[in-house]
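Subject: The structure we talked about

Hi,

Here is the structure I promised to pass on to you. Have a look at it first, and then read my notes below.

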Amino acid sequence: MKSEMISQMMEVARGCGQIIRKASEERIGADIKSSFRDLVTKYDVQVQNYAIGQLSERFPGAGFIGEESGEYEQAESALTFVIDPIDGTANFVHHYQHSCTSIGCIRDGKPLAAVVYDPFLDEMFRAEKGQGAYLNDRRLRMEDLPLSEGLVLFGSAPYNPELTEETFRNLRSLFGKCQDVRQSGSAALDLCYVAAGRAALFFESILSVWDYAAGALIVEEAGGRCTAFGGNTLVFDRPVKSSVLAGTPASVAESGLL
Ligand code: IPD
Ligand code: CA
């Protein structure tokens with residue numbers, strides 16, 4: 001079962017994916033944002049403008065929080081869309097072919113609907129509150145794997161060098177408990193891979209709300225847990241930054257990060 005809302009969000013995410021796919025056929029130039037690691041391309045901006053344009057036509061009065069706008073509309077409206085037009089920008093720039101568009105829809109401070117679309121594999125992850133999570137047409141129901149039976153994904157918090165020690169200390173400790181570790185370059189897809197049972201756990205010391213707004217609902221609707229480190233509740237309706245811990249209930253409990 002799909003609501004009209006999620007169908008509309010999926011159409012918009014697919015449109016974003018078409019722009020990303022087409023752009024990736026040519027050389028992609030990048031500009032630097034906060035540091036030499038933090039890149040932006042003209043396509044990040046183009047995809048975000050496309051997504052906001054499409055969503056405002058389909059959901060008149062909605063508010064937006066987007067990675068590239070820099071502005072924040074304090075949404076008085078019922079719905080706020082939290083958009084990462086290209087999550088995995090460094091991958092995109094290097095033609096690594098592992099990036100996505102992430103769109104979360106927030107109502108009353110909580111995720112209501114979410115889509116994450118990987119145009120390279122044509123994988124559409126989606127969830128609606130109380131209605132389950134899906135990968136394309138397949139319902140995702142997570143097996144409660146312990147760390148010893150799963151992979152651990154991590155984000156390196158690349159734009160925050162002050163968190164490097166902490167990240168690799170946590171990684172070292174988790175490496176001792178799990179089958180192996182992976183680093184993908186797209187936090188939104190990492191969350192979806194946890195939801196799909198491809199990994200038992202994901203952690204990153206700092207992310208922005210647009211990185212996790214959609215993926216968090218997809219994880220929870222697949223039967224997993226998604227919180228900040230320490231078990232703190234994530235914030236979804238403001239442009240905040242937070243640590244993120246997601247996984248099977250068993251692996252989150254064992255992670256040492258609660
Ligand atoms: C980044 C990716 C990366 C994660 C960073 C994010 P961006 O988003 O999700 O995997 O490690 O913390 O900022 O910059 O590619 O949109
Ligand atoms: Ca991102």
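Strand β12 (residues 201-208) runs antiparallel to strand β14 (residues 241-247), and 6 bridges link the pair. One of the bridges has leucine 201 facing glycine 247 in β14. A word on terms: strands (E, at least two residues) and helices (H or I, at least four residues) are DSSP runs, numbered from the N terminus, and two strands pair if DSSP finds at least two bridges between them.

Before going further, please keep in mind that this is a predicted model, in which local features need pLDDT of at least 70 and side-chain atom pairs count only at pLDDT 80 or more, while totals for chains, interfaces and linings use all residues. Residues are numbered from 1 along each chain as its sequence is written, chains are lettered from A and ligands numbered from 1 in the order in which they are written, and side-chain values use heavy atoms, with hydrogens and water left out.

**The sheet with β12 and β14**

These strands belong to an open sheet of 5 strands with mixed pairing, in the order β11-β10-β12-β14-β13. At its edges are β11 (180-182) and β13 (225-227), each of which pairs on one side only. From one strand to the next, the twist averages 15°. Angles run from 0 to 180 degrees between N-to-C directions, and axes are lines fitted to C-alpha atoms, for helices over the stretch in contact.

Two helices go with this sheet. Helix α4 (residues 164-175) lies across β10 (151-154), β11 and β12, at about 175° to β12. Helix α5 (residues 187-195) packs on the sheet and touches β10, β12, β13 and β14, with its direction at about 150° to that of β12. Contact here means heavy atoms within 4.5 Å.

**The other sheet**

There is also an open sheet of 7 strands, again with mixed pairing, ordered β3-β4-β5-β6-β7-β8-β9. Its edge strands are β3 (63-66) and β9 (138-140), each pairing on one side only. The twist averages 20° from one strand to the next. Helix α1 (residues 4-23) packs on this sheet, where it touches β4 (79-87), β5 (100-107), β6 and β7, and its direction makes about 35° with that of β6. Helix α2 (residues 42-58) packs on the sheet as well, touching β3, β4 and β5, at about 155° to the direction of β4.

Strand β7 is worth a careful look. Why is strand β7 (residues 123-128) largely enclosed by the rest of the structure? Because 6 of its 6 residues are buried, where buried means under 20% relative accessible area, exposed over 50%, and partly exposed in between (1.4 Å probe, protein chains only). In a regular strand the side chains alternate between the two faces of the sheet. In β7, Glu123, Phe125 and Ala127 point one way, while Met124, Arg126 and Glu128 point the other way.

On one side, β7 is joined to strand β6 (residues 110-118) by 6 antiparallel bridges. Tyrosine 117 has methionine 124 as its bridge partner, and valine 116 stands opposite phenylalanine 125. The hairpin of β6 and β7 has 4 residues between the strands, and aspartate 122 there takes a positive phi near 50°. Strand β8 (residues 132-135) also runs antiparallel to β7, with 4 bridges, and phenylalanine 125 stands opposite leucine 135 in β8. In the hairpin of β7 and β8, which has 3 residues between the strands, glycine 130 takes a positive phi near 80°.

**The two ligands**

Which residues donate to the calcium ion (ligand 2)? They are Asp84, Asp87 and Asp211, each through OD, at 2.1 to 2.2 Å. Donors are N, O and S atoms within 2.8 Å of the metal (3.2 Å for Na, K and Ca), and water is not among the atoms, so sites may look incomplete. The donor residues follow the spacing D-x2-D-x123-D. Aspartate 84 is buried, at 0% relative accessible area, and aspartate 87 is buried too, at 6%.

Ligand 1 is surrounded by 16 residues, and the closest are Asp87, Gly88, Thr89, Tyr159 and Glu204; a residue is near a molecule if one of its heavy atoms lies within 4 Å of it. A polar side-chain atom of aspartate 84 lies 3.4 Å from an oxygen atom of ligand 1.

Enjoy exploring!

Note on methods: Polar contact = N/O pair within 3.5 Å; in protein donor to acceptor, adjacent residues only side chain to side chain.
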